[in-house]
Amino acid sequence: TRRHPLRRWEDDRADHAPATRRQRQAAALRVDLGRHLAAHDLALPDGDTLRRALAAQPGPALAAVRAAVALPGDAELPPRPAHPATVTVTLSTLRAFLESPLQAWARQVLRLRDVEDEDPVAREDEPLALDLPQTTGLLRDVFLRWLATPARSVREVYGERIRLLRALGAAPVGVFAALDQDHHLEVLRAWQAQLTTAGGAGGEVAPIGFGRGDRGQPVRIRPPLALAVDLDGAPVTVELVGSTSPLGHGVPPCSLVLVAAGEPKLKHAMRGALDQLVMAAAGVAVDAAHASLVLTPGSSRRHLHAPWSQAEARDHLRLLLAELLSGSHDYLLPIEAVASWCKDRSDPARIAGRIRAMRSEQRSGGFARPEGWGPLTSAAGLGPPDDAAAITARRFEPLLDRTGNLEGDDAEADDA
């Protein structure tokens, strides 16, 4: 039998077409360059950096590259494609960028999709249990529906939603359903108790939807938030769309963050901080304080976020959007490592140390994922960027400096 290579240039046959030989030579050049840089503790630069370096030395260096990949003498290295005039970014993508730049970049810029669940019609066996993301989504949906109709019991609202999922073959039945239901109702009642203990979220609870909202839930719709952002020297209009966290529209407004497992963490506080940033940039809550209330099964934590002016908020949003959409983010900078750095911002080594610890936990069978959750299921060989502390400070310090009650947040456990 003959084993055929996965890629056409991986087989060094003499009858390869010229284009295939050039691809093989280019791939070999990348491997050699990676090995050379690794021997000097340097990371492989992105395409733009290589283009600039070659342009600065147009003599022997550029000629050697042309010879290696068999470029004709008058051919130019292809420029990076121009950005479109308008780019749409969802709030969930921007939130994910703070929590895992690698995964958000893979979705938004590389256009990679999450691994899709199997077709429910083709599934032969019913699920035995819902995983944590499915459970969290279901329970958040039930809780918000109950808040909109508090005269009904949370058990009644839960019953309606779970029956629909079972009819679709997306939730367990029988004895497994009973086990799931007991746990789900326990979490929902814990949220109810924590909400009562915390004094409520402040009036009616409904998210603000910029351009669109979540289906099936009450939402206050506003136009998309449009910002002029400089991307690689060209002005681009970025439209921010999607929903904030559920908001209690009291004084101050309060983001309600529901966590199905674990304890309050920095990433939960940052969800409220991002809500406030976007609202201030849109002119919804300018120069006004904001709160976030994190509810977990075992505890709650309320954060107060200091005001933004509209100009400050728009400037920081532009910075975050420009960093998401420009350059490459093939590195690890999970928010768990950011939380570790927050405990001592003078020690940049804490970021790399936390990533190493997460790697160790992952190898031991834990739920730690330094690459985060998204379309990339593995990030072998990646590490933090060389300037991880500077990147973290640039993106997070304006949010952290406005957020109170962070002292209890730690980064040691994984959660929803």
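In the predicted model, Leu258 has Leu295 of strand β8 as its bridge partner. This pair belongs to the contact between β7 (residues 254–258) and β8, which run parallel to each other and are joined over 5 bridges. Both strands are part of an open sheet of 4 strands with mixed pairing, arranged in the order β6-β7-β8-β9. The edges are formed by β6 (247–248) and β9 (300–305), each of which pairs on one side only.

Helices accompany this sheet. Helix α6, spanning residues 132–148, lies across β7 and β8 and runs at about 140 degrees to β7. Helix α9 also packs on the sheet, where it touches β6, β7, β8 and β9, and its direction makes about 150 degrees with that of β8.

Elsewhere, helix α4 (residues 91–99) is largely enclosed by the rest of the structure, because 8 of its 9 residues are buried. The buried positions of α4 comprise the leucines Leu91, Leu94 and Leu98, together with Thr93, Arg95, Ala96, Phe97 and Glu99.

With a relative accessible area of 47%, Asp232 is partly exposed, since the exposed class requires a value over 50%. A positive phi of about 55 degrees is likewise found at Asp287, which is not a glycine either. Asp287 sits in the loop between α9 (266–281) and β8 (290–295), and its relative accessibility of 55% places this residue in the exposed class.

Definitions and conventions
Residues are numbered from 1 along each chain as its sequence is written. This is a predicted model: local features need pLDDT of at least 70, side-chain atom pairs count only at pLDDT 80 or more; totals for chains, interfaces and linings use all residues. Side-chain values use heavy atoms; hydrogens and water are left out. Buried means under 20% relative accessible area, exposed over 50%, partly exposed in between (1.4 Å probe, protein chains only). Helices (H or I, at least four residues) and strands (E, at least two) are DSSP runs, numbered from the N terminus. Two strands pair if DSSP finds at least two bridges between them. Contact means heavy atoms within 4.5 Å. Axes are lines fitted to C-alpha atoms, for helices over the stretch in contact, and angles run from 0 to 180 degrees between N-to-C directions.
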